[in-house]
Amino acid sequence: MNAFASFMGMVYMFIESCAMAIENIMQNRLRSFLTILGIMIGVTAVISLITTISGVSNSISSSFTSMGAGSLTLTATGSDLKEGLDDDDFTRILALEHVRGLTPNVSVSCTVTSGKTSETSITATGTNAYYFSVHENSLKSGRKINSIDTENMARVCLINKDLVESFFYGVSPIGQTLYLNRLQFTVIGIFESDSSVASLLSGSAKILMPYSTALKMNNASLVNNLTIYMDSANASDEVEEELGTLLDEIFSYEDDTYTITTMDSIEETMNTMMSMMSALLGGIASIALVVGGIGIMNMMLTSVTERTVEIGLKKAIGAEPGQIQIQFLIESFLLSMIGGLCGVALGIGLSALMCHLMGTNFVISYGAILLGVGFSAAVGIIFGWSPARKASKLSPIDALRRM
Amino acid sequence: MQKMETEQGGCFFRMRNIVKRYPLGDEYVTILKGISLDIDEGEFLSVLGPSGSGKSTLMNIIGCLDLPTEGEYILRNNVVLDLSEKALSHIRSREIGFIFQNSQLLQRMDAMKNVELPLIYAGVRPKERHRRAEEMLCKVGLEDRMHHMPNQLSGGQQQRVAIARALVTHPSLLLADEPTGALDQTTGRQIMDLFHELNGEGHTIIMITHDVNIARNARRVVNIIDGVMTEAEGEVTFA
């Protein structure tokens, strides 16, 4: 019963301390407001950065799942004996279960010339007819690359809108001649570059041509990069394993002859990058929070000095050092928490706005809210500790001598 | 530490050879030069002395606000020199009621809240706090001024609030430092009447003053001059 009574005594004391703290905060309205503002800005910065980044990363993930599912990328550097893949290997890969099709990716860096216009370092990609089955809407006019083109290493190409504008302004490019690295090509169509996020990673081509032609331009006969399409997004692991077995056989079981990248693993890398970025920016933003904490400390120290007589008096009438300390801690904690909660609200509002402007989905990150609230609570206690301790250590007679 | 003698009925505190030194620059000044004083329960004592005599230092030591440099001070079985700061604040909270020279009320709180303050630190529940504060304010004759702010009260009324605050924890000892110092004579007279009344109810009172006429109110007067205490016999005089 006695223990209960003393516990309740502490509770009453605590409630009363909260009331006094609020009173003191209200007493110095401007000063409290400025201090709170410091914390608020810090928390706002942390919350809005983290929430915006997580919004961006969510929309990237969803674009991955929508377009990237069901494909995997094979990079085959090959063994000393066989430095890549040929048509026979393609046939064997296509024979695997769940494999729907494949497109070789052969990059050629070109200098494009037509008449007097010339552009250097333009990426052309050698591919096959299957590309157009996957990217159904990419052909804008003209015709697709077909299997006859690939068999004959035909010097035909499709160009994207950028090149149409630079080389064939106002003229229909179909059937026109274009020189790629001084070789004469016929433009057979216009395509739209893949603008999805996944293609940004691999770099989007401005020119498409039969892969056999591209290989020839590179003086190569073997393909090092393939995209393999599956009939189901869930078959990725299975195909990866089968493909591995097949490639081991093709490359005589040598090590490091190929890499298989699934969209899952790209997404994972992307997510890691995003969380690193959010940690970095969050870290920078939290400097603002530390500055806010220093503001609190400054205000509390001033407050302790101003209230020396009050503290002395309270000690004289029986306040324990711990009770004085708690009272000041509550005050700095409240200041910081008010700033923190305002900052969370403002930060969420700001990031909702930013997500809206960037066209990404806005998702409230509870982690960020928790972080903001927790951070400001910690700042209040850490930076309030030393002034509160100073107050509790004041000697009552020194304090009362000033009266 | 010397073992305490068996407590005689009503011995409140016992001081033996209390010395207090303060550092002043490189040297020490001795404020109290060996003071011995016994106080029984229910006494009304005046400590009379000019300013600078060390009487405020003595009051701080009696009130456990300060510790003596040397000597023995036993308050209700507690060897004060051995106590922690927390234990000292407990004694201040439960045994001693302070009345300061210029009342020292918290200006931001009304009379009621000022009187409640010691009870907050003693952990008394709100309802009980209100009841006791109200009771004390009535006792000092301020039943119609309970929710006035200190600056709306006269000096005498403020001092009454301070007395109510000192009494509210039911302390064993009322310790008053120049309680009438800032008051006119009539008001001072009224405060002294209140002290007599409280003493009549059994409160132990120690009053510190430089005013012979005020000191005469007490049943026992000690002189303190230059840190040395002498018991005043018969007619109280003060040079």
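Tutor: Gladly! Let us start with a term: contact means heavy atoms within 4.5 Å. Please keep in mind that this is a predicted model.

Student: With that cut-off, how many residues of chain B are in contact with chain A?

Tutor: Here we look at both sides of the interface. On the chain A side, 28 residues take part. Their partners in chain B number 29.

Student: And which residues of chain B lose the most area to chain A?

Tutor: Chain B and chain A bury about 2600 Å² between them, and 62% of that lies on carbon and sulfur atoms. On the chain B side, three residues together account for 30% of what that side buries. They are Gln104(B), Arg108(B) and Tyr121(B).

Student: Let us stay with chain B. What share of its residues count as buried?

Tutor: Chain B has seven helices and 10 strands. Its accessible surface comes to about 10500 Å², 46% of which belongs to carbon and sulfur atoms. Buried here means under 20% relative accessible area. Of the 239 residues of chain B, the share that passes is 56%.

Student: Which residues touch the most other members of the largest nonpolar core?

Tutor: That core has 71 residues.

Student: How many residues are in the second, separate core?

Tutor: Among the members of this core are Cys110(A), Leu178(A), Ala214(A) and Ile228(A). Its size is 44 residues.

Student: Now for chain A: which strands are at the edges of the open four-stranded sheet?

Tutor: The strand order is β2-β10-β1-β11 in chain A, with antiparallel pairing. The twist averages 20° from one strand to the next. Inside the sheet, five bridges join β1(A) to β10(A), and Thr75(A) has Asn225(A) as its bridge partner. The strands that pair on one side only are β2 (99–104) and β11 (258–262) of chain A.

Student: Which helix of chain A packs on the sheet by touching β1 and β11?

Tutor: Helix α3 (residues 87–94) of chain A lies across β1, β2 and β10, at about 155° to β2(A). The helix you want makes about 75° with the direction of β11(A). It spans residues 263–306 of chain A and is α10.

Terms used:
Residues numbered from 1 in each chain as written. Chains lettered and ligands numbered in written order. Predicted model: local features only at pLDDT ≥ 70, side-chain atom pairs only at ≥ 80, totals over all residues. Heavy atoms only, no water. Pairing = 2+ DSSP bridges. Helix = DSSP H or I, 4+ residues; strand = E, 2+ residues; numbered from the N terminus. Axes fitted to C-alpha atoms, helices over the stretch in contact; angles between N-to-C directions. Core = buried A, V, L, I, M, F, W, Y, C linked by side-chain atoms within 4.5 Å. Buried < 20%, exposed > 50% of the residue type's maximum accessible area, 1.4 Å probe, protein only. Areas by Shrake-Rupley, 256 points an atom, 1.4 Å probe, with all protein chains shown as cover. Buried area = accessible area lost by both parts, 1.4 Å probe.
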